[in-house]
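Visitor: I am new to this structure and would like to learn how to read it. Could you walk me through it?

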Amino acid sequence: MARVVLKLGDDISTDIIYPGRFMATVLPTETPQYAFADYPEFNARLKSGQVPPGSVVVAGKNFGCGSSREQAASTLKGHELVVVARNFARIFLQNAINLGLKLVVCPEIEAEEGDELEILPDKIINKTSGKEFKVEPLPRARQAIIDAGGLIPYTRQRLLEKVASRKKT
Amino acid sequence: MGLTMVEKILARATGQKQVRAGQVVEPRVSLAMSHENAALVINQFLEVYKDTGLKPKVWDPDKIAIILDHRVPAESAKTATNQKKIREFVAAQKIKKFHDIRGDEGGICHQILPESGYVLPGTVVVGTDSHTTSHGALGAFSFGIGATEMASVWALGQVLNVEVPGTIQVVAKGKFPRHVLPKDFILHLIGLISAEGANFKVLEYHGPAIENMSTSGRLTVCNMSVEAGATSGLVPPDRETLRYLREEARVKGKIDIFGPDPDAEYERVVEIDVSRLEPMVACPHTVDNVKPVGKVGKVKVDQIVIGSCTNGRLDDLAVAAKILKGKKIAKGVRMLVFPASFRIYQQALKLGYIADLVKAGAVVMNPGCGCCLGVHQGALGDGEVALSTTNRNFKGRMGNPKAEVYLCSPAVAAASALTGYITDPRKGGK
């Protein structure tokens, strides 16, 4: 079971998730402090450890639009948040998968802050409202990366395969 | 059925006869671009090699470009240290397409790439910047990726697991009226199809208004294609592309020109008659909140920004200089100009545009991205309003969530600088 800790609207840009003025900070160990920095109340709750891992951010369509900054994914990953949205912008979606941030595409999702959600592979059950919503699969092109635990281990695996095949020939 | 531009390009980059939208491919990359976020790419790249026993070595140093442009000259010790780390990596890995903070060869990545002849039609270009869509103006399939994805490209020379995107064909008919520019066309299109209207798709541009458009205008259109969610904008290369590459980018080698098949399969066709367009403005806080300038109402402006990767090219500066020459910008208005590169800066100096702008009261800055994304120079005060030729007006974009950003063409920006209010350039000052 996971609790909704933040509800947002459509077109939440990476400037909202991770404002540009903190972009000189790149390390995944340091980016989490600036998550939703312009929502000072929520940012303070994240920083003070009041938001348990696995908590859910619910959003509308086009979540993560805008900049390709990977900090927008690493900052949320740092808090082990789960993002449930109607859909995601392409680059953010790919960055999230590459870093192992959990995203759920749920085109009809209805949930309020405080609601308890059960997230299953094919549906989300809102335990508070009693309603169920269908989950769409993530792009199948990315499944191998998810299975490998992120793009770094996947690339490492591919690199070693490449080197091994070069040695054979 | 025939193939779209992106299907043809990805077929070549994967050595296949044809690929189709929806298929998963791993294209070879012809150019991999990064800016200051190369600092993060370097970290991730080294992480890939950790515990492998292999020496970290980029797959092809000639195919990597790094341009320092986001916060130049460095605004903080942290940035300066990141930039230093990048220089050291560039030297160690023998990366030649490196553009440091210099008045002879520096500038914004999305201008440096085309003007240096780094982008060729029919190739695959990736960049750790969402506006990498720009280079579709030269007929490349060019798209933004994250830093970890780039680390993977640096190691392997391929982008892994790419789904071939479907394509929306945009047909631009007619002739642009006076004071209506490519920026107005792309703002209108984004307003029409919405900020997610082309998510995961390619926008392929056709029609006489595109054929008659300069490469500079096409770069503006493809630059902002990402604001409709597009993976890439794409203009089928033509005589103008060849002219630009030979005369301006000084490309000597072979240039491969091809377009989509006449019977290519498009997901959707959008037709726009540009002769009926007006100057457009994207109002806060989304890029698809677009209105004709006459419908915006009376909006007082504190800061005007002309330039950036979107509208900092020579013809953009010419438009502004022509409107402002011999006049004064309104009291209480600050105007900042960011030429897209130092080559453009020098051309504008020679043609007198810089003098015209400075005498009118503008502050001409060095080429850079910092103001647009609120990381360096030109931040807004609480409650202030900016009118800008850049590409994003998201809340907090120019460094302050309590400020507002409107987006427009250089003509609207310059006309508004004279009055201090958002102004229709067709009506002129007052």
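Guide: Let us begin with contacts, where two residues count if their C-beta atoms, placed from the backbone, lie within 7 Å. In chain B, 77% of the contacts with a separation of 6 or more are between residues 24 or more positions apart. This is a predicted model: local features need pLDDT of at least 70, side-chain atom pairs count only at pLDDT 80 or more, and totals for chains, interfaces and linings use all residues. Residues are numbered from 1 along each chain as its sequence is written, while chains are lettered from A and ligands numbered from 1 in the order in which they are written.

Visitor: What share of the 430 residues in chain B is buried?

Guide: A residue is called buried if 20 or more other C-beta atoms, placed from the backbone, lie within 10 Å of its own. For chain B the share is 61%.

Visitor: How many helices and strands does chain B have?

Guide: Both are DSSP runs numbered from the N terminus, helices (H or I) of at least four residues and strands (E) of at least two. Chain B has 14 helices and 18 strands. Its radius of gyration, taken over C-alpha atoms, is 21 Å, close to the 22 Å from the globule rule (2.2 Å times the number of residues to the power 0.38), so chain B is as compact as a globular protein of that length. The C-alpha trace of chain B spans about 65 × 55 × 40 Å along its principal axes.

Visitor: In what order do the 7 strands of the open sheet in chain A lie?

Guide: Strands pair if DSSP finds at least two bridges between them. The order is β4-β3-β2-β1-β5-β6-β7, with mixed pairing. At the edges, β4 (102-105) and β7 (132-134) of chain A each pair on one side only.

Technical notes:
Buried ≥ 20, exposed ≤ 12 C-beta atoms within 10 Å, placed from the backbone.
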